[in-house]
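Colleague: I have a new model open here and would enjoy going through it with you. Could you take me through it, one question at a time?

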Amino acid sequence: MGALSNVYCYLGVTEQHLNMVIVNSVNVSKIENRLSLPLSNITKAEVKGGLLPGRKVVMLHFGKEKMKISLMNNAIGSDIQGQKENVEMFCQIVSKLG
């Protein structure tokens with residue numbers, strides 16, 4: 001997975017994959033990259049509350065590599081329908097992997 005970096009992305013989960021669409025941090029309508037990670041490659045998953053209210057932190061382990069995903073369920077200025085419910089659903093799915 002390489003070096004540490006912060007990116008903005010949209011997340012989706014299917015029965016077999018964690019899908020990410022990485023977007024430009026300034027213009028979120030501009031797609032920078034796409035990733036599809038097999039859920040079977042995740043060796044450990046942890047869901048924790050973040051330091052701020054309305055934030056969750058998901059740690060995914062892929063053997064010796066790990067990925068930290070910070071989720072906000074109340075993004076200011078966001079008009080994403082059902083964002084809070086979607087964050088909770090994503091955390092429930094991920095917590096079953098660990």
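Colleague: Is Asn73 buried or exposed, and at what relative accessibility?
Modeller: Happy to start there, with a word on the model: it is predicted, so local features need pLDDT of at least 70 and side-chain atom pairs count only at pLDDT 80 or more, while totals for chains, interfaces and linings use all residues. Residues are numbered from 1 along each chain as its sequence is written, and side-chain values use heavy atoms, with hydrogens and water left out. Buried means under 20% relative accessible area, exposed over 50% and partly exposed in between, using a 1.4 Å probe and protein chains only. Asn73 therefore counts as buried, at 13%.

Colleague: Where is Asn73 found, and how far in space is Val87 from Asn73?
Modeller: Asn73 sits in the loop between E6 and helix H1 (83-95); helices (H or I, at least four residues) and strands (E, at least two) are DSSP runs, numbered from the N terminus. Val87 is 14 residues from Asn73 in sequence, and their C-alpha atoms are apart in space by 5.9 Å.

Colleague: Which pattern does the chain follow along the sequence?
Modeller: The secondary structure comes to one helix and six strands. Read along the sequence, these give β-β-β-β-β-β-α.

Colleague: What share of the chain is made up of buried residues?
Modeller: The chain has 98 residues, and the total here covers the chain. Buried residues make up 24%.

Colleague: With which side chain does the side chain of His61 make a polar contact?
Modeller: His61 lies in strand E5 and is buried, with a relative accessible area of 16%. A polar contact is a pair of N or O atoms within 3.5 Å; within protein, one must be able to donate a hydrogen and the other to accept it, and residues adjacent in sequence count only if both atoms are side-chain atoms. For the side chain of His61, the contact is at 3.1 Å, and the partner is the side chain of Glu46.

Colleague: How far apart in space are Val58 and Glu46, C-alpha to C-alpha?
Modeller: Val58 has its place in strand E5 (residues 55-62) and is buried, with a relative accessible area of 0%. Val58 and Glu46 are 12 residues apart in sequence, and in space the C-alpha separation is 5.7 Å.

Colleague: From which polar side chain does the backbone nitrogen of Val26 lie 2.8 Å?
Modeller: The residue is in the loop between strand E2 (17-23) and strand E3 (31-38). At 18% relative accessibility, Asn24 counts as buried. The backbone nitrogen of Val26 lies 2.8 Å from a polar atom of the side chain of Asn24.

Colleague: In which strand is the place of Lys48?
Modeller: Lys48 is partly exposed, with a relative accessible area of 43%. The place of Lys48 is in strand E4.
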